[in-house]
Amino acid sequence: MIYTITANPSLDYVVDAELIPGQINRTSSEAIYPGGKGINVSLSLQRLGEETRALGFAAGRIGQTIRDLLDDLGCPHTLLESGAGGQSRINVKIRGQVETAVNGRGPDLGAGDLVRLLELLSDVKRDDTVVISGWAQNIALYGSILRQLEESGCMTVLDCSGEALWQCLECHPFLIKPNLTELGALFGVEDLEYAEGVELAHRLQLEGARNVLVSMGGGGAFLLTESRELYFAGACGGRATNTVGAGDSLIAGFLTGLRQTGDFGRALQMGVAAGCATAFSDWLGTKEQTMVMLGQIEVETRML
């Protein structure tokens with residue numbers, strides 16, 4: 001089983017419109033999806049045929065709508081009602097000549113919420129995987145989760161940035177997945193390129209990360225393993241129409257490939273294929289689209 005944790009899920013309202021500030025803007029199309037990085041990972045895993053369950057919190061009527069949409073999509077979930085009350089957040093994505101996003105804040109989580117979430121994780125087994133991703137208002141939350149999961153011996157995957165990531169490295173997560181911009185920001189480096197990114201990924205390993213998967217948007221992705229193997233896969237050619245969820249699909253494809261083959265190179269190939277399938281779609285890519293992309297991706301490998 002692959003569990004995902006989304007502490008602050010969202011209702012994503014995605015519209016196509018040419019945004020003119022100060023005026024009434026009308027949409028040419030619109031869609032509503034359940035959102036949040038962990039939820040996107042679970043939905044992508046489900047599309048790729050993997051067993052998954054989305055865990056986390058939801059609040060109020062908006063939170064119930066998120067649950068209902070997941071039910072409609074057939075995605076298993078346990079989204080606890082937030083003890084703080086309030087409403088789950090709404091994220092607005094406006095796609096025009098440029099993409100603009102307005103992300104809501106969502107309710108604050110209390111100590112009691114963390115206790116209930118940790119109880120949900122008490123049944124995690126050694127052969128399970130837990131993916132923790134997205135933005136959490138309480139940056140100590142993820143560290144608490146990882147420390148409990150250490151006892152189970154399960155595989156842990158972490159997709160967050162900034163101070164939350166720094167604080168979790170001491171827990172030695174199996175895999176972390178910053179994008180190139182987030183990786184540079186951790187070390188105060190702008191306009192990071194591939195070669196320097198590999199060096200910084202190794203520095204994160206020295207701080208405690210075991211394997212580092214770095215997404216580079218249209219440049220593909222690279223993986224630096226704990227045995228110092230470096231894998232690189234370029235993205236498929238084409239025009240990306242959607243940035244929402246591409247990194248989450250990368251994680252889902254990577255885990256699918258790793259579970260099916262046990263091979264890091266094949267896992268990266270599957271991950272980049274799934275990420276490209278989403279980038280070229282209106283929403284999350286399908287298994288069929290991923291398999292088409294898979295045949296277009298080559299993986300290079302060398303030892304550092």
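1. Helix H8 has 16 residues and reaches 22 Å from first C-alpha to last, close to the 22 Å expected at 1.5 Å a residue. The expected span is 1.5 Å times one less than the number of residues. Helices are DSSP runs (H or I, at least four residues), strands likewise (E, at least two), numbered from the N terminus.

2. This is a predicted model: local features need pLDDT of at least 70, side-chain atom pairs count only at pLDDT 80 or more, and totals for chains, interfaces and linings use all residues. Residues are numbered from 1 along each chain as its sequence is written, and side-chain values use heavy atoms, with hydrogens and water left out.

3. H8 is mostly covered, with 12 of its 16 residues buried. Buried means under 20% relative accessible area (1.4 Å probe, protein chains only). Among them are Asp248, Phe254 and Leu258.

4. H8 (246–261) packs against H9 (264–279) at about 145 degrees, axes 6 Å apart. Axes are lines fitted to C-alpha atoms, for helices over the stretch in contact; angles run from 0 to 180 degrees between N-to-C directions. The contact (heavy atoms within 4.5 Å) includes Gly253 and Gly257 of H8 and Gly271 and Gly275 of H9.

5. An open sheet of four strands runs S3-S2-S6-S7, with mixed pairing. S3 (29–35) and S7 (99–103) are the edges; each has a single partner strand, so one side of each lacks a neighbour in the sheet. Strands pair if DSSP finds at least two bridges between them.

6. S2 (residues 10–16) pairs with S3 in the antiparallel sense over seven bridges. Asp16 stands opposite Ser29 in S3.

Notes. Buried means under 20% relative accessible area, exposed over 50%, partly exposed in between (1.4 Å probe, protein chains only).
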